[in-house]
Amino acid sequence: MHKNSRSLWEFANPKRFVSIANKLIPWLTICTVLSMSVGIFWGVFFTPNDYRQGAAVKIIYIHVPSAFLAINIYIMMLIASVIWLIRRHHVSLLAAKAAAPIGLTMTLVAILTGAIWGKPIWGTYWAWDPRMTSFAILLMFYIGYISIWSAMEYNEKVGDLSALLCIIGSIFALLSRYAVIFWNQGLHQGASMSLDKEENISNVFYLPLLVCLLGFVSLFFTLLLIRTRTEIRIKRTTSLLRMN
Amino acid sequence: MNPLLYILSYEIKASTAGRSLFLSTSFFIIVVLTANISMNQFGIRADKNSVSILWIALAMSALLSINMIFQNDYDDGTLDWFMLSPISLETIVILKAVAHWVTTCLPMMLLTPIVCVSMGINFNSSLWILLVMMIGTPAISFISTIGSALTLGERANHLLLPIFILPTFLPILVFGIKISMLVTNSVYDSMAFLIMLAISLFCIAITPFITAIIIKVHYT
Amino acid sequence: MIDFGKYTWTIISAYGGASMLIIILLIMTILKSRKVNKELLVVEQKKSIDAQDD
């Protein structure tokens, strides 16, 4: 690689990563606080009620972004694990490790808000509908990934094992998801914010939802940078101690 | 004697000698009996739907013997010998999975028709359930090798293993339980049978390679 | 001020629960980051003192 070329792989250098993270974290924090407060205030106080669900619709401003993150963080962990297996960049592995608890929290938030929303609308906190089952499955694979890290000391071998576990987990999570869908077509409404469908929700809800989504994504990146920086520092501390 | 056959018989002998055959089979019987007895005391008659207990018990008892698949060989150096031998590691994994299936899943499957009687399932349906298990259990044995390889050399592996191996049984369990329930109600969904066979074959096809990669990680 | 008819408690509990979970994650992240940062500083200082002694 060229010395002066600016590319994504610059992040692979732990020192460079920490210095870039130090610069980015304050800006990301401001972005998170601003967009989350604006999005949630706008959504909760300045949008009309849905004609069918009434005011309960206001929960989507946390439900949809957290569900979006829960799935995409797993995909991010998968990509980071594959990068680790191929190019052996420690930062990539540590980022996957750091992202897992955030993903777990987002899955819990999505399940919790969905359950609270479901009680008045569907009449039940929990039903084994395919999409909810997928989140239960996702939860189990997050727990599995975190438990392999918590049970073993950090070294390259455990890194390989966790990366492989992440890949295996995604294969079996997908298989389980489609096995569930095969038997149960479900009662969830269609996608509420995909770009190619016509039955999207109306603009009144869409714009504040986008702002909230931005807020959650920047919250994720802030936490990810802080946690990865922490992991890098732990690794540096242990390697310094081992040199003695 | 063919070396592959020799390894297979060695594996089967090793797992029968280690009493894991007796333990996992008795675990299976105990789980099913406990569930049935306790359900009956609460006035819930163990019925056709409780066939799911059968599957869960089967998965749990398969889990019991999982950490023995590679652990002993890893401790006494047999696995090193396998790594150095001209036979590929993937083949060894397949042989180990087959041995695990013969010594763990097969005895439980043979007990299934008897256990089914206690649940009020007629003999004809129990033979169909046996067929469904025949399709599903090889995949369970093969997936088990992944878990065994992942936790090699870990002291806490008997706690760690179920956490990430039980969820990987889900596709097989979802199909197995649903088809078994339909079968006891005399519904035969050939499409579901074929899809379950496909899932099972897919798991059997990919797991030897994954397990071999994981074992190589332990030796680098 | 906060009144959404019959859904008031639904919305408050959803937002309260979600923000509690996220705040727990946030606090754990920040506390761990601080602790690790301190440890690293101590170890690095020790390292530099050792280097001076040599």
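Visitor: How many residue pairs are in polar contact across the interface of chain C and chain A?

Guide: The model is predicted, and the rule finds five such residue pairs between chain C and chain A, with both residues at pLDDT 80 or more. On the side of chain C that touches chain A, there are 14 nonpolar, six polar and four charged residues.

Visitor: How many salt bridges are counted between chain C and chain A?

Guide: To read such a feature, one looks for a side-chain nitrogen of Lys or Arg within 4 Å of a carboxyl oxygen of Asp or Glu. The count between chain C and chain A is two. In one salt bridge, the side chain of C:Lys32 meets that of A:Glu231, at 3.8 Å from N to O.

Visitor: How many residues of chain C are in contact with chain A?

Guide: In chain C, 24 residues are in contact with 38 residues of chain A. Between them the two chains bury about 2800 Å², and 78% of this lies on carbon and sulfur atoms. Within chain C, the residues that lose the most area to chain A are C:Tyr7, C:Tyr15 and C:Leu25, together 22% of what that side buries.

Visitor: Which residues make the nonpolar surface patch?

Guide: The patch, of about 1000 Å², is made by residues of chain A, including A:Trp27, A:Ile30, A:Phe41 and A:Leu207. Two elements of chain A give two or more residues to the patch: helix H1 (14–45) and helix H6 (203–243).

Visitor: Which element gives the most to the nonpolar patch?

Guide: H1 of chain A gives the most, with seven residues. A:Ile30 lies in this helix.

Technical notes:
Residues are numbered from 1 along each chain as its sequence is written. Chains are lettered from A and ligands numbered from 1 in the order in which they are written. This is a predicted model: local features need pLDDT of at least 70, side-chain atom pairs count only at pLDDT 80 or more; totals for chains, interfaces and linings use all residues. Side-chain values use heavy atoms; hydrogens and water are left out. Contact means heavy atoms within 4.5 Å. Buried area is the accessible area (1.4 Å probe) that two parts lose on being put together, summed over both. A polar contact is a pair of N or O atoms within 3.5 Å; within protein, one must be able to donate a hydrogen and the other to accept it, and residues adjacent in sequence count only if both atoms are side-chain atoms. Ala, Val, Leu, Ile, Met, Phe, Trp, Tyr, Cys and Pro count as nonpolar, Asp, Glu, Lys and Arg as charged, and the others, Gly among them, as polar. Patches are made of residues with over 30% relative accessible area and no salt bridge: like charges are joined within 9 Å, nonpolar side chains (Val, Leu, Ile, Met, Phe, Trp, Tyr) within 5 Å. Accessible areas come from the Shrake-Rupley method with a 1.4 Å probe; for residues, only the protein chains shown count as cover. Helices (H or I, at least four residues) and strands (E, at least two) are DSSP runs, numbered from the N terminus.
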